[in-house]
Amino acid sequence: MTIATAPTTTSTNWLATAKTLSDEFATRAAAHDADGTFVAENYAAMRAAKLFSAPIPGDLGGGGATFAEHAAIIRTIARGCGSTALAYSMHSHLLQATIWRHRHNATPPAEPLLRRIAKEELILVSSGGSDWLEGSGTLTKQDDGNYRFTARKVFGSGGPSGDLLLTTGVYEDPEKGPTVFHFGVSLKDPGVKVLDNWRTLGMRGTGSNDITIENVAVADAGVSVRRPRGAWHRFFDVVSPIVWPLVYSAYVGVAENAHDIALALAQKRKDDATTQEAVGEMRTQLLIAQETLERMIAVGGSEYEPSIAVSDLTYRRKTAVTNATVRAVELAMEVASGPGFFRSAGLERCFRDIQGAHYHPWQERKQYRFSGRVALGLEPV
């Protein structure tokens with residue numbers, strides 16, 4: 001099954017690079033899953049291939065990959081190792097958001113960070129699973145106008161190999177009330193510790209451990225966003241169309257791998273009517289996921305105007321992709337029948353990995369409420 005992508009705009013064939021890496025990663029995926037170990041060697045291979053700077057504009061030292069190519073890299077890697085792709089998607093969406101800030105001349109300027117990522121292949125780590133609208137962690141203002149930060153963050157995917165945590169903290173502003181700040185924290189700071197507590201049903205190799213931060217300095221000049229705690233903010237309208245096409249490229253890649261495994265296992269029963277029906281339904285659900293994802297990618301790679309309406313459309317599509325990918329993999333298990341139950345087939349790992357699609361915000365029920373409120377002319381949250 002081929003993956004659609006935009007024409008390559010640089011001398012690097014990113015899809016071919018991703019395919020080579022994916023084939024290599026597939027040889028280690030079962031072991032990382034069985035041991036629950038982080039895919040460190042895969043991250044090292046991606047760093048050597050300059051995947052962590054692939055979409056940075058060429059004039060800043062990056063690879064110049066388009067947004068669609070970036071999504072295709074993630075999707076291709078997911079067919080070899082879902083954990084590697086999902087962890088990489090977390091770096092990727094942070095990077096694409098930084099590129100957006102650069103294109104739109106945001107303050108503080110994003111160019112120095114982009115140049116540094118391109119030069120050093122820095123790896124970004126997200127704490128979005130801890131934060132979302134509410135933020136987390138305590139910022140204490142100092143006499144010099146800067147801050148000290150203490151927090152415990154969860155879902156720090158890629159943390160064991162990470163360099164910079166892009167996170168949030170809450171400052172109790174005496175005039176404005178609880179305010180969420182967005183900023184970066186070096187994962188090499190002595191006050192930062194990546195724990196080893198990622199023990200999960202699926203996506204076991206992402207290294208999404210908790211990260212503790214104790215009394216780390218945060219410069220006021222390094223704060224990129226300040227927003228009211230718990231309220232919808234333009235920040236989310238900017239990042240939502242960027243984040244979710246990249247993250248869900250990983251899940252669609254997992255579903256495509258499950259499809260191929262199941263179809264191969266079903267060949268001995270291809271004359272069975274029930275098998276034929278299950279295959280047809282599986283492929284239909286996969287098509288829904290693929291085509292919905294392509295629409296999300298088209299928006300994420302465009303010069304969209306951030307708005308609640310675009311965010312609402314993004315989250316409705318996100319739910320559609322979630323349900324279609326999960327259902328496609330469930331059907332893959334049915335198509336494969338008994339042989340798919342064995343770990344050696346690789347299909348049950350896809351089944352466990354795909355469950356992660358349920359847990360990214362907005363989750364399905366919260367998305368329904370969000371979209372319903374938007375349609376009824378209410379504040380989104």
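Predicted model: local features only at pLDDT ≥ 70, side-chain atom pairs only at ≥ 80, totals over all residues.
Let me begin with one serine, S311, which lies in helix 8, where helices are DSSP runs of H or I with at least four residues, strands are DSSP runs of E with at least two, and both are numbered from the N terminus. Residues are numbered from 1 along each chain as its sequence is written, and side-chain values use heavy atoms, with hydrogens and water left out.

Is S311 buried or exposed? With a relative accessibility of 0%, S311 counts as buried, a word that stands for under 20% relative accessible area, with exposed meaning over 50% and partly exposed in between, using a 1.4 Å probe and protein chains only. Leaving out residues up to four places away in sequence, S311 touches W232, F236, D237, S240 and F370, where contact means heavy atoms within 4.5 Å. V218 is 93 residues from S311 along the chain, and their C-alpha atoms are separated by 30 Å.

The structure holds 22 aromatic pairs; rings of Phe, Tyr and Trp (its six-membered ring) pair if their centres lie within 6.5 Å, and planes under 30 degrees apart count as stacked, over 60 as edge-to-face and the rest as tilted. In the pair of F38 and Y43 the ring centres are 5.1 Å apart and the planes stand at 65°, so this pair is edge-to-face, and both residues are buried. For W232 and W362, the centres are 6.3 Å apart and the planes are at 20°, so that pair is stacked. W232 sits in the loop between strand 8 (225-228) and helix 6, and W362 in the loop between helix 9 and helix 10 (364-375), so the pair ties together parts that are 130 residues apart in sequence. W232 is buried at a relative accessible area of 14%, and W362 is buried at 9%. Both tryptophans belong to one aromatic cluster, which is formed by W132, W232, F235, F236, W244, Y248, Y251, Y315, W362 and F370. W362 has one further feature, in that the peptide bond reaching it from P361 is cis, with omega near -15°.

A cis bond also joins T107 and P108, with omega about -5°, and P108 is found in the loop between helix 4 and helix 5 (111-120). That loop between helix 4 and helix 5 holds N105 as well, whose phi, near 55°, is positive although the residue is not glycine. N105 is exposed, with a relative accessible area of 66%.

Let me turn to the nonpolar cores, each a set of buried Ala, Val, Leu, Ile, Met, Phe, Trp, Tyr and Cys residues joined through side-chain atoms within 4.5 Å. Which members of the largest core touch the most other members? They are M46 and L347, out of 77 residues. Among the elements that give two or more residues to this core are helix 1 (14-35), helix 6 (234-265) and helix 8 (308-336), and helix 6 gives the most, with 17 residues. Setting aside neighbours within four places in sequence, L347 is in contact with A258, I261, A262, A332, M333, A336 and G340. A second, separate core of 17 residues includes L165, Y171, V192 and V223.
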